[in-house]
Amino acid sequence: MRLVALFLAFWTLALPAAAQDIIADLSQSRVAITASFSGSEILVFGAVRHEPGAAPYDPANPELDVIVTVSGPLEPVTVRKKARKAGIWINAEALEIDAAPALYKVASSLALEDILGAEEDLRHHISIPHAIREIGEVGEVGDADAFTEALIRIRTEAGLYEEMPYDVQLKEQTLFRANFELPSNLVEGVYTVRIFLTKDKQIVSDYTRVLNVRKVGIERWIYNLAQDHALVYGILSLAIAIAAGWGASAAFRYARGS
């Protein structure tokens with residue numbers, strides 16, 4: 001047994017290192033949501049580190065491509081389908097999705113299907129459909145895929161889901177960069193930025209960074225109040241509404257009297 005273990009140790013050491021590796025960073029690691037927050041932008045940039053002995057760059061025959069994903073916090077979502085019965089629109093079917101990212105954007109140096117194999121996509125959950133995981137039915141659902149497609153369509157229209165082919169700029173198979181616009185309707189939480197290096201539709205290296213999105217200032221105070229002191233938050237909201245209504249009524253009476 002000792003000889004087998006010794007052989008395996010020497011065999012592992014003798015394995016060749018990966019020919020390429022990724023070094024990357026973000027233009028900012030934190031996004032602050034304030035009362036006037038209207039969206040933000042992050043730049044993902046980095047380089048491919050080529051190990052000694054790797055083939056030199058050939059502009060006529062590029063081999064490497066880069067994929068970058070930005071994923072928001074996973075959350076359960078129930079997608080409902082309405083149907084008209086007895087002249088009334090009601091919820092007829094529903095599908096519960098256990099883990100869907102609140103935001104998901106994927107950028108690539110070429111079209112995703114041209115640089116990523118189906119098995120690699122399934123293993124790493126890179127494309128938008130594969131980023132939505134663990135689907136469980138609620139009631140009788142005829143076509144589960146249609147509900148997932150509806151969720152993708154709704155969030156794409158809201159600017160939360162987006163595929164961005166050719167948006168990763170890759171220079172001489174070494175330097176790369178990609179810009180991501182973050183919408184104003186971001187949810188608070190930890191966002192994950194993943195970078196994949198592909199060759200012949202296979203992932204040869206990957207890298208992960210974290211982006212923190214937090215409410216600050218009055219937004220943070222209101223959020224904490226609503227979460228930790230719901231009764232006080234409700235009373236305060238009601239008092240503000242009454243005061244606003246009384247103020248509007250008094251201003252209207254004053255305008256009529258003058």
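# Questions about a predicted model

Of the 258 residues in the protein, 32% are buried, where buried means under 20% relative accessible area, exposed over 50%, and partly exposed in between (1.4 Å probe, protein chains only). This is a predicted model: local features need pLDDT of at least 70, side-chain atom pairs count only at pLDDT 80 or more, and totals for chains, interfaces and linings use all residues. Residues are numbered from 1 along each chain as its sequence is written, and side-chain values use heavy atoms, leaving out hydrogens and water.

Biologist: Which element of the protein has the lowest mean pLDDT?

Modeller: pLDDT is the predictor's confidence in each residue, from 0 to 100. Among the elements, strand β7 (residues 104-108) has the highest mean, 97. The lowest mean, 40, belongs to helix α1 (residues 2-14).

Biologist: In what order do the four strands of the open sheet lie?

Modeller: Strands are DSSP runs (E, at least two residues), as helices are (H or I, at least four), numbered from the N terminus. Two strands pair if DSSP finds at least two bridges between them. The edge strands, β1 (20-26) and β10 (169-171), each pair on one side only. The pairing is antiparallel, and the order is β1-β3-β11-β10.

Biologist: What is the bridge partner of isoleucine 42 in β11?

Modeller: Strand β3 (residues 40-50) and strand β11 (residues 175-182) run antiparallel, joined by eight bridges. In β11, the partner of isoleucine 42 is phenylalanine 180.

Biologist: How many residues apart are aspartate 25 and arginine 209 in sequence?

Modeller: Their side chains meet in a salt bridge (2.7 Å, N to O), that is, a side-chain nitrogen of Lys or Arg within 4 Å of a carboxyl oxygen of Asp or Glu. Aspartate 25 lies in strand β1 and arginine 209 in strand β13 (residues 202-215), so the pair ties together parts whose separation is 184 residues.

Biologist: Is lysine 105 buried or exposed?

Modeller: The side chains of lysine 105 and glutamate 162 meet in a salt bridge (3.2 Å, N to O). Glutamate 162 is partly exposed, with a relative accessible area of 33%. For lysine 105 the value is 5%, so this residue is buried.
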